[in-house]
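Please read them with the structure open.

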Amino acid sequence: MFDLISRYDSQILEAFWVTIQLTVLSAVGALILGTVVAALRVSPVPVARWVGTAYVTIFRNTPLTLIIVFMSLGLYTTMGWRLAGEGPDSLAQNNFRFAVVGLSIYTASFVCESLRAGINTVPMGQSEAGRSLGFGFLQNLRLVVLPQAFRSVIAPLGSVLIALTKNSTIASAIGVAEAATLMAEMTETEAAVLAIGAIFALGFVILTLPTGLFFGWLAKRYEVAR
């Protein structure tokens, strides 16, 4: 095991660095998109609620592999959509960016449901107080409801982020050079399959365990007293 690490140390670090980039960029995209969809879900406009419900229903129940593969083979290869310019590494850049988009779209549905649960915990009197001050729906949501909702769902959002970190391995389906891709390459050339699996399992534990502890601390630090 240690012999494998010494021989592939730079490649392992580079692969996990790509995994970290996928996770962070997708987390930002999912948080923004999920917040927008959550706003649609609680909107007083029926059409907006229908759009938000349809989004969550479709993407939460669609396999992530299908979404990622469609992004690359459907949008990029078949339809010619590009997220990166021409160049020798344009394929790798496009696949990486489409993987980020796919992970963001998929994870946003879970962020939305977590955040909607947090919105439902905010007392009705808080919203009524905002409306009495003359706040419209969006202003009331942004200034009164969402700050309290986010504090209520810090721990669930942490769980979503941990799941996103592990789901980033699906990007290997379109050739993104992250941890799962390197693991597959190593198992083809090395006999110590169990040792390789242990190395990458340990790598993901190192990535996800601090995340869980950090969000657990945040939840206790900023929990809303009821």
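1. Thr-208 is in contact with Ile-162 and Thr-165, leaving aside its neighbours within four places in sequence; contact means heavy atoms within 4.5 Å. Thr-208 is found in helix H9, residues 193–222. Helices (H or I, at least four residues) are DSSP runs, numbered from the N terminus.

2. A word on the source: this is a predicted model, in which local features need pLDDT of at least 70 and side-chain atom pairs count only at pLDDT 80 or more, while totals for chains, interfaces and linings use all residues. Residues are numbered from 1 along each chain as its sequence is written, and side-chain values use heavy atoms, with hydrogens and water left out.

3. Is Thr-208 buried or exposed? Thr-208 is buried, because its relative accessible area is 15%, and buried means under 20% relative accessible area (1.4 Å probe, protein chains only). A polar atom of the Thr-208 side chain lies 2.8 Å from the backbone oxygen of Phe-204.

4. Thr-165 is found in helix H7. Thr-165 is also buried, with a relative accessible area of 6%. Not counting residues up to four places away in sequence, Thr-165 touches Thr-19, Thr-23, Phe-204, Leu-207 and Thr-208.

5. The largest nonpolar core has 39 residues, and Leu-22 and Val-176 have the most contacts inside it. Such a core is a set of buried Ala, Val, Leu, Ile, Met, Phe, Trp, Tyr and Cys residues joined through side-chain atoms within 4.5 Å. At least two residues of this core come from each of H1 (2–41), H2 (46–60), H3 (64–78), H4 (90–121), H6 (137–152) and H7 (154–167). H4 gives the largest share, 12 residues. Another core, of 10 residues, lies apart from it and includes Ala-179, Met-186, Ile-196 and Phe-200.

6. Which residues does Leu-22 contact, leaving aside its neighbours within four places in sequence? Among them are Phe-96, Ala-99, Val-100 and Leu-103, as well as Val-176.

7. H6 has a kink of about 45° at Val-145, shortly before the proline Pro-147. The bend at a residue is the angle between axes fitted to the seven residues ending there and the seven starting there. Val-145 is one of the buried residues of H6, which also include Asn-140, Leu-141 and Gln-148.

8. The UniProt annotation "transmembrane region", from an unreviewed entry, covers residues 12–42, 62–84 and 191–219. Such annotations may be inferred rather than shown by experiment. In the model, residues 12–42 are 97% helix and 0% strand, with the end C-alpha atoms 44 Å apart.

Terms used:
Buried < 20%, exposed > 50% of the residue type's maximum accessible area, 1.4 Å probe, protein only. Polar contact = N/O pair within 3.5 Å; in protein donor to acceptor, adjacent residues only side chain to side chain.
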